[in-house]
Amino acid sequence: MSAHAALPLFGLTPFSKLCAALGTLLLFLLSLLLVRQLLKQRRPRGFPPGPTALPLIGNLLSLINEPHVLLKKQSEIYGQIYSLDLGGISTIIVNGYDAIKECLVRQSDIFADRPSLPLFKKLTNMGGLLNSKFGRGWTDHRKIAVNCFRCFGPGQKDFECKISEECMFFLDAIDTYKGKPFDAKWLVTNAVSNITNLIIFGERFTYDDKEYQHMIEIFSENIELAASVWAFLYNAFPWIGILPFGKHKRLFKNAAEVYDFLQKIIQRFSQNRTSQKPRHLIDSYLDELENNMNDPESSLSTENLIFTVGELIIAGTETTTNALRWAILYMALYPNIQEKVHQEIDSIMGKNQIPSLEHKPQMPYTEAVLHEVLRFCNIAPLGIFHATAKNTIVRGYSIPKGTTVITNLYSVHFDEKYWSTPHVFCPERFLDSNKQFVKKEAFVPFSIGRRNCLGEKLARMELFLFFTMLLQRFHLHFPPGTIPNLKPKMGMTLQPYPYLISVERR
Ligand code: HEM
């Protein structure tokens with residue numbers, strides 16, 4: 001032992017003593033944090049079993065690469081309902097149609113909460129609509145949105161014409177490529193988000209509106225970042241927020257920029273408003289805000305209006321856009337399926353009649369293709385995270401209030417009990433022996449239960465009209481010698497990797 005190391009504490013200078021004391025204190029605090037973290041990681045009594053958790057990070061690694069696939073595989077070992085520790089956040093994973101129905105439908109109120117994870121708290125303070133805790137805040141916001149969808153959206157007769165008008169802008173923009181290969185991503189994104197914009201702002205944005213485009217781009221980037229390792233690390237260890245690096249930094253920067261932009265356009269679209277004579281969702285929200293001014297329990301606020309508008313734009317854009325991009329990709333990949341859709345379109349509305357929702361019941365094959373795209377491509381494979389609003393029991397397991405619940409919707413669409421050869425893209429599975437369309441129980445792309453997708457009807461309208469109008473006018477194929485990557489790009493939603501498509505007028 002060196003003479004220096006052997007020095008007893010009383011031989012040190014006052015400065016060295018202070019350093020030693022601070023070091024000891026730091027070590028003590030770190031040990032306390034470690035013990036606290038390890039205690040948080042203990043599985044509650046009666047909780048479902050699950051894979052062994054590592055110290056500190058628990059099972060966070062399960063969520064890194066194609067988590068929906070791994071979570072389904074794990075359910076084959078631990079059962080349809082099992083648990084994971086996401087770095088001190090106790091979580092249950094629910095797999096397969098039967099188990100998801102048991103939770104989201106049979107115990108709909110109990111499973112209708114959202115988890116108060118640090119990321120969501122920082123982004124929306126658990127307000128707005130999509131991330132809102134289950135209670136008055138959620139009811140107020142959902143009611144306003146549902147009413148607006150009725151008054152300014154799919155509930156209105158002329159809304160279908162407005163979607164068709166947007167489709168025309170979309171098709172004309174595609175025509176400008178004159179058969180040259182292009183990536184359809186931003187055109188589809190713009191066209192689809194404009195449908196939601198009609199409800200929110202009463203207006204569409206032109207495809208060359210750079211400011212709006214930039215907002216959608218960084219918002220969409222956040223959907224990817226929100227499912228990144230950094231986001232999960234931030235949820236487990238929010239103190240990493242002080243680090244000068246990490247993808248969560250970019251996520252917060254993007255969110256701040258988006259909210260700033262939304263605040264400005266909300267102000268612009270609420271100008272010249274007449275109280276109680278709403279023209280769009282923003283006016284309706286401000287009317288309700290006025291009506292509830294003296295209610296101390298009201299959750300309505302200008303801040304929650306910004307969150308709600310942002311959530312509706314992104315929930316409506318990212319999902320439907322990805323579904324259409326997958327549909328285009330699979331039509332080019334399977335020309336025989338595309339050909340059958342072409343034949344059905346030609347026989348029902350010919351080359352000139354504008355496709356309308358009235359045609360839908362006569363077009364079982366097209367319906368089957370769109371359903372198969374939603375089943376096979378799993379746009380939101382893990383839905384949106386839920387949480388339990390109360391202590392409960394499912395399949396004999398005790399699930400405490402506040403447990404995070406991940407519903408693996410992908411596992412439902414690949415559940416062998418309900419689907420034969422689920423790994424094959426086969427629209428015919430949605431047709432009966434008379435080639436008529438049949439609904440399938442285990443088809444849940446929009447989720448089920450109290451928090452089910454608010455935009456389901458709108459999304460179905462958009463998918464049908466955009467898809468039929470696109471295929472009525474064009475033949476789709478990949479540029480010669482190219483086959484795109486069929487693996488999905490990971491995020492909260494699954495999207496195709498960028499790919500080029502060529503279109504020719506039919
Ligand atoms: C193909 C298109 C779409 C798919 C696959 C889809 C899927 C989903 C899924 C899986 C959820 C989670 C439900 C849950 O928590 O259990 C959800 C929620 C939601 N979706 Fe969609 N969605 C689509 C289109 C839309 C559109 C067009 C809008 C509106 C413009 C929209 C608005 C919402 C909202 C607001 C929620 C949150 C509901 C709540 O928390 O009460 N979605 N969607």
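Predicted model: local features only at pLDDT ≥ 70, side-chain atom pairs only at ≥ 80, totals over all residues.
**Ligand shell.** I started with the ligand and listed the residues around it. The shell holds 25 residues, and the closest are Gly316, Thr319, Ser447, Cys453 and Gly455. I then sorted the shell by residue type: 14 are nonpolar, eight polar and three charged. Next I looked up which helices contribute. Helix H12 (302-333) and helix H16 (456-473) each supply at least two shell residues. H12 gives the most, with seven residues.

**H12 against H14.** I stayed with H12 and turned to its packing on helix H14 (residues 364-377). Their axes lie 10 Å apart and cross at an angle of about 105°. Angles of 65 to 115 degrees count as roughly perpendicular, so I noted H12 and H14 as roughly perpendicular to each other. From H12, Ala323, Trp326, Ala327 and Tyr330 meet Leu370, Val373, Leu374 and Cys377 of H14. I found eight nonpolar residues in this contact, with no polar and no charged ones.

**Strand S2.** My last stop was strand S2 (residues 90-95). Six of its six residues are buried. Ser90, Ile92 and Val94 point one way, while Thr91, Ile93 and Asn95 point the other way.

I checked the neighbours of S2 too. Strand S1 (residues 81-85) runs antiparallel to S2, joined by five bridges, and Tyr82 has Ile93 as its bridge partner. In the hairpin of S1 and S2, four residues sit between the strands, and Gly87 takes a positive phi near 70°. Strand S6 (residues 404-408) runs parallel to S2, also through five bridges; here Val94 is partnered by Thr407.

Terms used. Residues numbered from 1 in each chain as written. Near = placed C-beta within 6 Å. Nonpolar A, V, L, I, M, F, W, Y, C, P; charged D, E, K, R; others polar. Axes fitted to C-alpha atoms, helices over the stretch in contact; angles between N-to-C directions. Parallel < 35°, antiparallel > 145°, perpendicular 65-115°, else oblique. Contact = placed C-beta atoms within 7 Å. Buried ≥ 20, exposed ≤ 12 C-beta atoms within 10 Å, placed from the backbone. Pairing = 2+ DSSP bridges.
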